[in-house]
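Visitor: Could we go through this structure together? I would like to begin with its sheet and then turn to its pockets.

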Amino acid sequence: MSAAWTALESHHAAIANLRMADEFANDSKRATNFSLDAAGLFLDYSKNRITTETKSLLIALAREHGLEARRNAMFAGEHINTTENRAVMHVALRAGVGRGARRFSVDGKDVVPEVKRVLEHMQRFSHQVRDGVWKGYTGSAITDIVNIGIGGSDLGPLMVCEALRTYIPQGLNVHFVSNVDGAALDCVLSSVDAETTLFIVASKTFTTQETLTNATSARSWFLENGGTHADVAKHFVAVSTNAAAVAKFGIDTANMFEFWDWVGGRYSLWSAIGLSIAIAIGMDAFEELLAGANEMDEHFATAPLEKNMPALLALVGVWNVNFLGATSQCVAPYAQDLHRLPAYLQQLEMESNGKSVDRDGKPLTMASCPVIWGEPGTNGQHAFFQLLHQGTSTIPVDFIAALHADSEHELDASHHRLLLANCFAQSEALMVGKSAEQVRAELVAQRMSEAEIAALTPHKVFSGNRPSNTLLMSELTPKSLGALIALYEHKVFVQGVIWNVNSFDQWGVELGKQLAKTIDGELKLGVVSGAHDGSTVALMRRALGK
């Protein structure tokens, strides 16, 4: 291990008995010293088992791993995705809105003009659909958008459209289909009209099995419900780079929206993959989404590590995983409209850093990405929060909330006040806990007998000292959402640097895909080969009724 890592191990042993409650009692400025503002977001990371020395040692670890140089290499367009020999330039997608003077180049070519060209294409098309200019085959305006994709081509746009649903005008409905389970597509098709539905087929290669299966079935449904082959071009558009396959499907390549190999799938919502977002919330709001991300990009690129929000969020996570032994991370948005954020972050973090070998192909000697999971508060409080408070594992939590509700859609100010009260109370409860003495005093006040008190006390004790971060925004808007997503993107990057993994490939998804093609072919023919293990053979035979 490195010198900085060894120093952190010694430090961890030295503060093994640290109680956060004591740290707050002894330092009136702790909350201020361990919080910061950036790009319209506020991060309070004071409820972690850290000290000023911990922070200094973590920053030393980041510098020892060359974080600043790696960050600069990404922004410079170097091929930091070494296993695929690609640049990683999703930050350039946010520069296309015309804010800032930073140039983004890949292989010596400024890519921003191409980004702007695609954004202009998206703008023209989204205006046509939203204004009723784009007509279906009967001359009716489009009322329903169905995005067909999977992974990054689904999770990002779906999450954003759900989060910003109040920006979607009445009369326009947005649907997402990703699962190859026919029930998913059937559920959507049963609620739309072929005359007024536009399908967006999102697949970079236009060969993704699940996406093409769903798209082909959607086209068949369209043809069975009044459309003709000539009408397909009025109701299907593509986000892809494979013009030949798009044209063969029946889509006019003039309505193909492209993106580039330096855009990873889970980082692609900012690109033409976000066409469904642009149509749903409008291009002005989509550009505000980009602007918020761009502001966080600039903060990450320029702020010193001591005051760098993505770096600090990531380093606290490294501390929790590698020194406190956390194996999972809960994300608890106290905003119902962010209910798909945990699922989005599952892909972003686990597909990026769920690796067991380093960038040189050598086995890791440390833990890498924890399991990411969560649900919105306050629902989680009546479900898994029991585990967070009294379970045997220490599970850090990211609490996320908006200080103000959307005034146009707020039912009652008391709803939002109660929401925030619960958010703040949960982080406090995780930290302070409740001692046996406190429990006993409460039970004595309830006039319980000594026997009852002795029996009940262990069940009502909370150990406390459980870590959490709190992220606040003024309101949930396109701009604040853009900054929030970019914050987590850069957090993932920083942790990848510390763990020395390639955060931008995903070879772990390939084997299952390959085997599925083989098994599907055999199931189609009704023949089970001897190439599988005994369990798989038995499962396939059962599926075939043999």
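Predicted model: local features only at pLDDT ≥ 70, side-chain atom pairs only at ≥ 80, totals over all residues.

Visitor: In what order do the six strands of the open sheet lie?

Guide: The order is β1-β2-β13-β12-β10-β11, with mixed pairing. Strands are DSSP runs of E with at least two residues, helices are runs of H or I with at least four, and both are numbered from the N terminus. Two strands pair if DSSP finds at least two bridges between them.

Visitor: Which strands stand at the edges?

Guide: β1 (35-38) and β11 (371-373) do; each has a single partner strand, so one side of each is left without a neighbour in the sheet. From one strand to the next, the twist averages 15 degrees.

Visitor: How does β10 pair with β11?

Guide: They pair in the parallel sense over three bridges; S328 has V371 in β11 as its bridge partner.

Visitor: Is β10 enclosed or open?

Guide: Seven of the seven residues of β10 (residues 328-334) are buried, so the strand is largely enclosed by the rest of the structure. Buried means under 20% relative accessible area, with a 1.4 Å probe and protein chains only. S328, C330, A332 and Y334 cover one side, and Q329, V331 and P333 the other.

Visitor: Which helix packs on the sheet?

Guide: Helix α21 (residues 478-499) does, touching β2 (41-44), β12 and β13. Its direction makes about 150 degrees with that of β13. Angles run from 0 to 180 degrees between N-to-C directions, along lines fitted to C-alpha atoms, for helices over the stretch in contact.

Visitor: What does E489 touch?

Guide: E489, found in α21, is buried at a relative accessible area of 2%. Leaving aside neighbours within four places in sequence, E489 is in contact (heavy atoms within 4.5 Å) with H90, R94, Y267, W270, Y344 and L348.

Visitor: Now the largest pocket: which residues lie nearest its centre?

Guide: T208, Q506, V509, E510 and K513 do, among 42 lining residues. A pocket is an open set of points on a 1 Å grid over the protein atoms alone, where a 1.4 Å probe fits, with protein on both sides within 12 Å along at least five of seven lines; lining residues have an atom within 4 Å of a point.

Visitor: Which helix gives the largest share of that lining?

Guide: α22 does, with five residues.

Conventions: Residues numbered from 1 in each chain as written. Heavy atoms only, no water. Buried < 20%, exposed > 50% of the residue type's maximum accessible area, 1.4 Å probe, protein only.
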